[in-house]
Amino acid sequence: MTEPWNAEEKDALRALAAEEPAPFGAEEATVAALRREGLLRRPRARVVLAAAAGLALFASGALVQQRAGFLSAPPDGRPRFLLLLYADGSAAVASKEPTGTRIREYRAWAEHLSEAGHLVEAEKLAPAAYSLGGPAEPEAGDDVLSGFFLIAASDLAEAKILASRSPHLRHGGRVVVRPVERTSNSR
Amino acid sequence: MEAFQPSDRELVRRFVERGDEAAFRTLYRRHTPAMHALLRRLLDPDEAEDVLQESWLRAARGVRSFRGESALRTWLLGIALNRVREVLRSRGRWDGPVPKESAWRPEPGRALDLRSAVDRLPAGYRAVLMLHDAWGYTHAEVARLLGVEEGTSKSQLWHARRAVRAWLTDGEERR
């Protein structure tokens, strides 16, 4: 039997069949619809203390601590990424926004990460740092690591997009995205 | 070493028995890319998104009746194709007339690339060609997915290939 397609055409057909990621927001819309129909029950996941990680970053020293509970993304095999939030340690940078506004912004971002099934863990770090090996303390003016978010995302590109929406960037901070290396112990 | 991935069967069980949202999300992420790819070949982007959601809602409501006779993905694609047929038939865009010879004649100097040629097919023919030649489903599986006889699948595939070939070659004989 004569083959209907040559090699190049077969490749082109396979390209047409290449998988397409879900449209943005499609998963959440579907999950929301199923919840309304009572077909889904939220997982009994760990409650993660979030938002507080982002709130200690203002060089003005307004270390507002707000404990808020957010549902943690269940282990589902997606890659994990660590978002490291740095602030300028010189205390020279301070957002002009009122504290309440900043709190709401960070909370909204953390809520979105949680609701969208990305947030795994988040913590605020205390100012004190104890270094074993190397410089004892960060030099004045260096970035200060003041919190982290561990998220699950489809890939690095998605992780970067999620990180880019952090209000931390708007308030003069820096967010470093680090892929978590998968090991046999990874969840 | 890959992290442990629950099987479709296990995830469906968790969803059916406990309404396990995490299980549903895993199924969604596992199978949506394939479903969406098929829908995008048959519908415009907005239609594809709507049908994707409608398909998942139908699947979630009806998964208790899924007996595992086929792979879960095949079952999900069948639901999506049912919805596509409903949408396109209501607009007269699924069953194109059986093409007459003249309708398939290539336009001089206008050879198409394969994507454009496939997209030019009526949706029903396009679905058969994609399912069989791109995704590798047998005629028996295509027939079940589209709710047609196996002979219809073979006939439509023959016509689809012939038309695409004509548009690709711009009238030149295929060696």
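**Exercise 1.** How many residue pairs are in polar contact between chain B and chain A, both residues being at pLDDT 80 or more?

*Solution.* The structure is a predicted model, in which local features need pLDDT of at least 70 and side-chain atom pairs count only at pLDDT 80 or more, while totals for chains, interfaces and linings use all residues. Residues are numbered from 1 along each chain as its sequence is written, chains are lettered from A in the order in which they are written, and side-chain values use heavy atoms, with hydrogens and water left out. A polar contact is a pair of N or O atoms within 3.5 Å, where within protein one must be able to donate a hydrogen and the other to accept it, and residues adjacent in sequence count only if both atoms are side-chain atoms. By this rule the count between chain B and chain A is twelve residue pairs.

**Exercise 2.** Find the salt bridge partner of B:Arg29 in chain A.

*Solution.* A salt bridge needs a side-chain nitrogen of Lys or Arg within 4 Å of a carboxyl oxygen of Asp or Glu. Seven salt bridges are counted between the two chains; in one of them B:Arg29 pairs with A:Glu27, with the closest N and O atoms 2.6 Å apart.

**Exercise 3.** Describe the contact (heavy atoms within 4.5 Å) between the two chains by its residues.

*Solution.* On the two sides, 43 residues of chain B are in contact with 44 residues of chain A. The side of chain B that touches chain A has 21 nonpolar, six polar and 16 charged residues, where Ala, Val, Leu, Ile, Met, Phe, Trp, Tyr, Cys and Pro count as nonpolar, Asp, Glu, Lys and Arg as charged, and the others, Gly among them, as polar.

Note on methods: Contact = heavy atoms within 4.5 Å.
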